[in-house]
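I opened this model to look up a few points of its fold. My notes follow in the order I took them.

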Amino acid sequence: MDFQLILDEINAELRPQLATAGGKVASYIPALARVSPLQFGIALRTCGGKTAAAGDSATPFSIQSMSKVFSLTLAIRALGEAMWDRIGREPSGSPFNSLVQLESERGIPRNPFINAGAIAVADRLVSQGDAKAELLALLSRLCGEAVHIDAEVARSEADTGFRNTALANFMKGFGTLDNDAATVLDVYFNQCAIAMTCEQVACAAGFLCRDGRHPLAGTPVLSAAQTRRVNALMLTCGTYDAAGEFAFRIGLPCKSGVGGGIVAVVPDQLSLCVWSPALDPTGNSLLGRRALELFVAKTGLSVF
């Protein structure tokens with residue numbers, strides 16, 4: 001299959017829609033509000049190491065909630081099954097920053113990909129050591145290039161993250177967090193501010209299509225069973241309260257971020273990343289979702 005031709009076709013079809021498709025950038029984070037919505041990139045890497053890319057695939061962007069896949073990976077590596085003691089594994093069906101659901105469920109986040117769940121994962125990582133350094137090191141190893149935190153975005157997250165602060169303090173009050181809420185939030189805000197390109201993300205996520213094996217070195221990142229579970233959570237919980245629609249229309253494990261990126265996995269085949277900053281009402285990239293629909297239609301690849 002000529003993946004480069006397919007990505008070029010998708011880019012050619014969607015690029016004219018950048019100015020007319022609608023959607024809005026994540027304006028509630030000031031540093032993201034200034035990002036031009038007139039950008040689109042897509043990249044993939046196969047299990048065998050072949051790559052393809054089109055559009056603005058080499059432009060760094062804020063990975064935001066896509067980072068939750070990698071922080072979860074670190075926590076599973078460190079804690080195994082104990083990671084799930086105070087974090088659920090069910091879809092939320094509610095906005096990713098819901099306080100109401102967290103209160104009704106006594107401070108236990110529904111899954112690790114909503115904000116409360118990712119903050120709880122960050123708490124576990126704080127207990128293990130230098131969480132920010134470990135996450136950057138993992139991502140750099142996985143994509144074979146140094147990645148960094150965008151300090152401006154991190155400050156913007158911290159300055160305006162009132163609801164996330166409320167979520168953390170709420171969980172601290174219920175005993176879900178072991179560490180100081182401010183320390184945990186610092187990790188969470190910084191992980192969301194990591195900047196990567198589509199090409200880097202597609203490579204970094206490669207272990208998820210290779211039964212947990214490192215995309216470059218071939219060494220274990222997670223076990224095959226753990227990898228299946230991460231993919232399952234991406235499919236059921238990875239795109240906020242639109243996860244059912246993503247499964248219906250795309251049929252691949254995905255994790256999105258409000259920076260406009262979506263990472264997707266075709267087990268035993270490839271990992272890919274799309275990016276376009278304008279979001280739909282559910283907080284997912286508008287043209288990114290269309291790109292994944294086109295990719296599945298053109299390739300026939302799906303987990304179903």
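**Sheet.** The model is predicted, so I read every value here as computed from it. I then looked up how β1 and β8 pair: the sense is antiparallel, over 6 bridges. Next I checked what packs on the sheet. Helix α1 does, with contacts to β1, β2 and β8. The direction of α1 makes about 15° with that of β2.

I traced the whole sheet after that. It is open, has 5 strands and runs in the order β2-β1-β8-β7-β6, with antiparallel pairing. Which strands sit at the edges? They are β2 (51-55) and β6, each of which pairs on one side only.

**Helix α13.** I moved to the helix that lies across β1, β6, β7 and β8. I noted that α13 runs at about 145° to β8. I checked its length next. Helix α13 covers residues 286-299, and its 14 residues should span 20 Å at 1.5 Å a residue. The end C-alpha atoms are 20 Å apart, which agrees.

Is α13 largely enclosed or largely open? I found 10 of its 14 residues buried, so the rest of the structure largely encloses α13. The cut-off for buried is under 20% relative accessible area. Among the buried residues I listed Leu286, Leu287, Leu292, Leu294, Phe295 and Val296. Gly288, Arg289 and Thr299 are also buried.

What do these buried residues pack against? My list has the helices α1 (3-14) and α12 (243-249). It also has the strands β1 (41-46), β6 (254-256), β7 (261-266) and β8 (270-275).

I looked at both ends of α13. At the N-terminal end, Ser285 is the cap: one of its side-chain oxygens lies 3.0 Å from the backbone nitrogen of Gly288. Just after α13, Gly300 has a positive phi of about 75°.

**Thr219.** Last, I looked up a loop residue. Thr219 sits between α10 (198-204) and α11 (224-237).

Notes. Residues numbered from 1 in each chain as written. Predicted model: local features only at pLDDT ≥ 70, side-chain atom pairs only at ≥ 80, totals over all residues. Heavy atoms only, no water. Helix = DSSP H or I, 4+ residues; strand = E, 2+ residues; numbered from the N terminus. Expected span 1.5 Å × (residues − 1). Buried < 20%, exposed > 50% of the residue type's maximum accessible area, 1.4 Å probe, protein only. Contact = heavy atoms within 4.5 Å. Polar contact = N/O pair within 3.5 Å; in protein donor to acceptor, adjacent residues only side chain to side chain. Pairing = 2+ DSSP bridges. Axes fitted to C-alpha atoms, helices over the stretch in contact; angles between N-to-C directions.
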